[in-house]
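Dear colleague,

I am passing on the structure we spoke about, placed just below, and after it you will find what came out of going through it.

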Amino acid sequence: MSLNARLEPVLYLFAGLFGVAGVALAALAVHGGGEANLAASASAMCLAHAPALLALALGNVRLRTAWLAGLLMIVGTLLFAGDLVTLRFSGSGLFPYAAPTGGWAMMLGWLAVAAGAVFRVRA
């Protein structure tokens, strides 16, 4: 079984979790007061990566790098959004540079998607 096939259920799981988290964080940004920009930024990252993970799960047979892109996007989104949400509620982040590390991981995930164009699955 390929890495893509093994990771497919995980991609679906996090697509759903990031989707619901994105909507909830958007509501928090509008109705929660405080530092709404933190919740809004976390919401945007969750909502941007939820459909990307869904697409990676659906296209994993055609995109050889889907497993790498998905893992990087999951870890990156968790770090980035998690750091902002933790900062919003506790006043301190997860750890120093958690959000930038997550941002880099998300960008590397998108580069892994682009690399899939070079390392195509031959039909």
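Helices here are DSSP runs of H or I with at least four residues, and strands are runs of E with at least two, numbered from the N terminus. On that basis the protein, which is a predicted model, comes to 4 helices and 0 strands, and its elements run α-α-α-α from the N terminus on.

As to overall form, the radius of gyration is 15 Å, which agrees with the value near 14 Å that a compact globule of 123 residues would have, while the C-alpha trace spans about 55 × 25 × 20 Å along its principal axes. Of the contacts between residues at least 6 apart in sequence, 71% join residues at least 24 apart. Of the 123 residues, 38% count as buried, and the accessible surface comes to about 6700 Å², with 74% of it belonging to carbon and sulfur atoms.

Helix H2 (residues 36–58) has 23 residues and reaches 33 Å from its first C-alpha to its last, close to the 33 Å expected at 1.5 Å a residue. Among its buried residues are Leu38, Cys46, His49, Leu53 and Leu56, and the cover over the buried residues of H2 includes helix H1 (3–31), helix H3 (66–90) and helix H4 (98–118).

Leu54, also found in H2, is partly exposed, because its relative accessible area of 37% lies between the 20% under which a residue is buried and the 50% over which it is exposed. Together with Tyr12 and Leu58, Leu54 forms a nonpolar patch on the surface, with about 280 Å² of accessible area for the three together.

Best regards

How values were computed. Residues are numbered from 1 along each chain as its sequence is written. This is a predicted model: local features need pLDDT of at least 70, side-chain atom pairs count only at pLDDT 80 or more; totals for chains, interfaces and linings use all residues. Side-chain values use heavy atoms; hydrogens and water are left out. Patches are made of residues with over 30% relative accessible area and no salt bridge: like charges are joined within 9 Å, nonpolar side chains (Val, Leu, Ile, Met, Phe, Trp, Tyr) within 5 Å. Accessible areas come from the Shrake-Rupley method with a 1.4 Å probe; for residues, only the protein chains shown count as cover. A salt bridge is a side-chain nitrogen of Lys or Arg within 4 Å of a carboxyl oxygen of Asp or Glu. Buried means under 20% relative accessible area, exposed over 50%, partly exposed in between (1.4 Å probe, protein chains only). The expected span of a helix is 1.5 Å times one less than its number of residues. Contact means heavy atoms within 4.5 Å. The radius of gyration is taken over C-alpha atoms; the globule rule is 2.2 Å times the number of residues to the power 0.38.
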